[in-house]
Amino acid sequence: MKNTGRALKERLLSMIGAMGEHPERYAKDPGRDFTRRRSLTLPTLMSLILTMDEKSMWKGLLGYFQNGIDTPSASAFVQQRKKLLPQAFEDLFHRFTDTLSARKKFQGYRLLAVDGTSLKSMSYPEDSAAYRSGTQRQHGWNLYHINALFDLENGIYTDVLVQKEHTKSEDAALCEMAGRSVGLEPVILLADRGYEAYNNFAHLEQAGWKYLIRLKDRNRTYAYGITLPSQPEFDLPVHITLGRLTRRQLEQRGIPTPEAYCRLPNNVPFDYLEPGNAGFYPFSARIVRLRLKDGSMETFITNLNQTQFPPAVLRHLYARRWGIETSFRQLKYTVGMVHLHSKRPELLLQEIFSAFIIFNFTKAAAWEADTAWGCSKYKRRVNFSDAVYLCCQTLRGWSLDVLPLLERKLLPCRPDRSFPRPIVAENRISPMYVPSR
C-alpha cells in the first residue's frame, strides 16, 4: 500500500467520509445531532479539528473557508464540536494507524517503547479527577497523563490511552494497551523505571511479547527471589513460582509448596491470581546488569533469549528507547499539541487524538522520501517540521506533491551528538519550537 502524501490524504479523508455517513455513531444525541444541513458537517468538523493550529478558532475558520463571507462563527464551531464524541477521533486514529504496515523491524521483532507524558490545560474545576488547585500566587490547572506505545523503527505511535491526573496508572494503561494489541507480529517492549511489576510481566507474556525493562534501583542487591552478585556486570536467570497463599496456608490445605515460591500480598495487583486463590503462576526472566557508555551501571529485567540477545545487544537495544522521548517533544511542540483550544475534557480528547493522527500521517508520508538524494557525508533524514506543515496543507485542500519538497531540505543524522539535558524551573516554550501545523 502506497504511503505518498496524496495516497495517505485520500485514505484518511475516505475514512472521515465513511464516518460522516453514520453520524449517529459519534453524536452525543443520536438521531438529532448532525441531521440538519449545515456548513459544519461531521466530516468538515473533523477535518477542521485535525488541521487546527495555534491560531484562534476564528482565524482557523477563515483560512479553511478561504475568507468567505459565509464562514461559520467560532461560536457555531464550538457548538458543533460539543455534539461530537471524542470516540470519533480515537476510532479514526486506530483505523488509520492499522493501515500503516511496519516496514522496519529489529531482528524480526517490532520494537515498541512505552512511556507517559503529562499535558497541562486551562483551569476547569468541574473535572475534579484532573484539576489541581494552585497556590496563592498561582491559578489552578488541569493535568492529563498520556500513555503511548511508540514504534521505534518506523517512528509512529501504535496505541494511545489518556488518563486524568488523580486516577492515572501507567501499569493499568500498559496492561490495557497490550491486551488490545494481541495478534500483532512479534514485539519487543522497552520500558523505563516504574513499569517493573509482576502484573505487567504476566500481561506482556500473555500477549506474546518480549520485554526489556529498567529496574528502579541500579545497585540493588536482591531482586525477584535471588541475591544479586556484587560484580559490576552479570546475567542471571530467574525462575520463581508466584502465589497468593502463605506457606502455612498451603500446608493447611495439603498443597505442596513449590520450589522458589514467592507470595504476592493481596494488595498487590495480579489479574491472573485473585486474592485467596490457591493457584500458582510460574515466572521466568533474566536480570542483567550492564555498564553504559557514560560508565554508569544499570540493571534490567527481560525475557529475551540469552543466546540471541546477549548483554551487548541489550545495551544497544535499550539505548533506542530514547526515541519515544524525542517523539513526545515533536508531538507537543512541532505538531502543537500543547496549544489547546478548549478546557472541557471531551473537547481536549478531540485535539489530543488529532495531534497523534497528524503525527502518524506525517511520519508515514516521510517514509517514501529518498534520503539518499544529493550528496552528503552524513546519512540524512526528513525535516519533520517541514513535513508537518506540508502534510497539514494537503489536508487543508492544497494540491501539492509533498515528496520533492521534503527531499529538498534533508537534515544530517548525527547519532553520536549529545547535549546536557536542561533543567527548567518554569514551563516555558522556546521560540525554536514554533508549531508547524
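Visitor: So a salt bridge is a side-chain nitrogen of Lys or Arg within 4 Å of a carboxyl oxygen of Asp or Glu. How many turn up in the whole structure?

Guide: A search of the whole structure gives 20 salt bridges. Bear in mind that this is a predicted model, where local features need pLDDT of at least 70, side-chain atom pairs need 80 or more, and totals for chains, interfaces and linings use all residues. Residues are numbered from 1 along each chain as its sequence is written, and side-chain values use heavy atoms, without hydrogens or water.

Visitor: Okay, which residue does Glu196 pair with?

Guide: Glu196 has a salt bridge to Arg220, and their closest N and O atoms are 3.4 Å apart. Glu196 is in the loop between strand 5 and helix 7, while Arg220 is in the loop between strand 6 (210-214) and strand 7 (222-223), so this pair ties together parts that are 24 residues apart in sequence. Helices (H or I, at least four residues) and strands (E, at least two) are DSSP runs, numbered from the N terminus.

Visitor: Is Glu196 buried or exposed?

Guide: Glu196 counts as buried, at 17% relative accessibility. Buried is under 20% relative accessible area, exposed is over 50%, and partly exposed is in between (1.4 Å probe, protein chains only).

Visitor: What does Lys28 pair with?

Guide: Lys28 makes a salt bridge with Glu346, where the closest N and O atoms are 3.7 Å apart. Since Glu346 belongs to helix 11 (residues 345-366) and Lys28 to the loop between helix 1 (5-20) and helix 2, the pair ties together parts that are 318 residues apart in sequence. Lys28 itself is partly exposed, with a relative accessible area of 43%.

Visitor: And what about Arg110, which residue does its side chain meet?

Guide: The side chain of Arg110 meets that of Glu185 in a salt bridge, 3.6 Å from N to O. Arg110 sits in strand 1 and Glu185 in the loop between helix 6 and strand 5, so parts 75 residues apart in sequence are tied together by this pair. Arg110 is buried at 8% relative accessibility, whereas Glu185 is partly exposed at 23%.

Visitor: Which strands does it pair with?

Guide: Strand 1 pairs with strand 5 (residues 187-191) in the parallel sense, over five bridges. With strand 3 (residues 141-151) strand 1 pairs in the antiparallel sense, over ten bridges. Pairing needs at least two DSSP bridges between the two strands. Take Ala113: Leu190 of strand 5 stands opposite Ala113, and Phe150 of strand 3 is the bridge partner of Ala113.

Visitor: Helix 6 next. Which of its residues are buried?

Guide: In helix 6 (residues 170-179), the buried ones are Ala173, Leu174, Cys175, Met177 and Ala178. The buried residues of helix 6 pack against strand 1, strand 3, strand 4 (156-164), strand 5 and helix 7 (198-206), in contact there (heavy atoms within 4.5 Å).

Visitor: Last one, where is Thr51?

Guide: Thr51 is in the loop between helix 2 (42-50) and helix 3 (57-64). Thr51 is buried, with a relative accessible area of 7%. Neighbours within four places in sequence aside, Thr51 is in contact with Cys392, Leu395, Arg396 and Arg437.
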